[in-house]
Amino acid sequence: MATEEGDAGDEPDLVEDGPGLAVDPGVGAEAVADAPERAMPGVPAVEPDGASVPAVDGARTRTSEQTETIPPAGGSAGPDQANGAANGCTDGHCTCGAGDESGETDVEESPRAVADGAGAEVAGGTPTNVTEDGELTDLEFTEPAEGQSQHLPGEHREGTPTTADTRVGVPEGVDLDTPDYSIRSEMNDIETPDEKTWFMELDEAVIDEGRCIQCGTCVAACPSDSIGIGDDDLPELVKMCTGCSLCWDFCPRGGLRYERQWKITGGEDNVKGAGDPITEFSARVTDDWREGSQDGGVVTGILSTLLDEGEIDGALVATESDEEPWKAEAFLATTHEELVANTGTIYNQTMALGNLSFSDWEHKLPEGKDWDDVSLALVGTPCEIEGIRALQDFGWEYGSQEAGVRAIDYTIALMCTKNFNYKSLIGEELVEQRDVDIDEVGKMDVLHGKLMVDDLDGNRILEEDIENFHDAALKGCDECADFTGFCADVTVGSVGSSDEYSSVIVRTEQGLDAWELTEPHLDYHDLEDKGAVGKLQGWDKKKAFESLERPFDPDAPRFIDYTDHAENYGTTVNPHDAGH
């Protein structure tokens, strides 16, 4: 025991009597002899005939390269053992480095014992950081490799370089690559039912093909919340798909036969012309705030009235991103001021139905009100209204979006011929190719077949045929024959009315209730040009018929099997088996 200086005289002197045993010189030999025998390291007992005691199961056995030869019981120790004993070595195991009288050790004839895990080399038995004299050397560390697997000791033998990811001893002609789904299917002998469709099918047929219209219906439909919205504003899988098929069934470019949805609001005649509306008007709001709105400001007027009358608790609309100018994002407006601040049109999608989770808007919903009692309005493109109508028609649970899906009580569709990819329209077409300062843009509009851009002072800085921006449009929009939003309660647009007026088509009793509440705040008259609406609807439908690869059939079943769709569009029937 080490003590502080000055206390040394307080302890009796101890002398060492063999390895690991301290004896007080004042204690007699008899007392030591009477002390309990201390277990010392030793070797297994040897029977007189030379046979060792049988080994115990699980005990580790030293190899001949790791141990000295042990003399038979009762035999005399050799000179090396005697010399080692004088240096404190016992049991015939010398680890002190003592050798012959010259002090040298013959390593080849008497290899030193190697402790397990010491990292010693097999040939010499010397740890890599210890000299032959037993001196500890400076430790050396290998710098970790960057960008590749770390080479391990022994990986370069006989001039053949190998790395940690190299397979060795592979029989000729054997492929060890990870098997795709088809191989695993054969191994477990379980076939996937034909009617079971996965997100992978939706990804294969719609998203990867550039046909996604960014409505967000697949996100809302997923009961396990496995689908999210990626940085590219497209649906992506965020956790394991359960294969429930709902994302495919409700996609307006996948399994949902969107023309079948039209009969929900307009009956049998809703597949002809501009549908079968209850009534149509050209209208505008008379309040001063209308100056900054799109056309007549009717959408904002209806929503504001519904809020004031207590018919709704909020409206899911589009707002401009704080980070990216003229990029649309979903927003739940719950006050008249918020609605006015977000009046106008932004020509890119918000993945609206992917933002129906009440957990995202809980801070804006009425405090203490049960979610089942919340009422909302949705403003969207015709494809988004088709999606929400289809979701509401079924009693399935939609995960975190369930309360939001059920809360939509009013739907307002915006007349739409096509929508645009944000980066393509704003970043490439306007900023890069036409040198438009996007920070100075105050309004955009698509009217009379032209894209018009005004600055913050209301001056026209760009007016060009919309066809010139075709490359920036979403490819899936070409397949849409629903210009006027046949499934909505109310449709609002500019076609068919003069400047500063909005065209309003009321299709349902719910829409009529909203119109009658708003009517006192409007300047309105009969729709000025019904022919213009019908003409553009006919053009839109003709374009869709040319783009659709599947039959257009409002009387067919609502849902399209993936195999039928794949047959029409030429996509892979089983992307799992194709190693997608």
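Colleague: Which residues do ring pairs link into a cluster?

Modeller: This is a predicted model, to start with. In it, ring pairs join F250, F394, W396, Y398 and F559 into a cluster.

Colleague: And how many aromatic pairs does a search of the whole structure find?

Modeller: The search gives 16 aromatic pairs. One of them is W248 with Y562: the ring centres are 5.0 Å apart and the planes stand at 75°, so this pair is edge-to-face.

Colleague: Where do W248 and Y562 lie?

Modeller: W248 is in helix α6 (residues 246–249) and Y562 is in helix α16 (residues 562–569), so the pair ties together parts 314 residues apart in sequence.

Colleague: Are W248 and Y562 buried or exposed?

Modeller: Both are buried.

Colleague: What about W262 and F486, how do their rings sit?

Modeller: Their centres are 4.4 Å apart with planes at 75°, so that pair is edge-to-face. W262 lies in the loop between α6 and α7 (263–266), and F486 in the loop between β14 (460–465) and β15 (490–493), so parts 224 residues apart in sequence are tied together. W262 and F486 are buried.

Colleague: Switching to charge. Which residues gather in the negative patch on the surface?

Modeller: D308, E309, E311, E509, D513 and E516.

Colleague: Which helix gives the largest share?

Modeller: Helix α14 (residues 509–518), with three residues.

Colleague: And where is E311?

Modeller: E311 is in the loop between α8 (298–308) and β8 (314–320). Its relative accessible area is 35%, so E311 counts as partly exposed.

Note on methods: Residues numbered from 1 in each chain as written. Predicted model: local features only at pLDDT ≥ 70, side-chain atom pairs only at ≥ 80, totals over all residues. Heavy atoms only, no water. Patch = residues over 30% accessible without salt bridge, like charges linked within 9 Å, V, L, I, M, F, W, Y side chains within 5 Å. Areas by Shrake-Rupley, 256 points an atom, 1.4 Å probe, with all protein chains shown as cover. Salt bridge = Lys/Arg side-chain N within 4 Å of Asp/Glu carboxyl O. Lys, Arg positive; Asp, Glu negative; His and termini not counted. Charge placed at Lys NZ, Arg CZ, Asp CG, Glu CD. Helix = DSSP H or I, 4+ residues; strand = E, 2+ residues; numbered from the N terminus. Buried < 20%, exposed > 50% of the residue type's maximum accessible area, 1.4 Å probe, protein only. Phe/Tyr/Trp six-rings, centres within 6.5 Å; stacked < 30°, edge-to-face > 60°.
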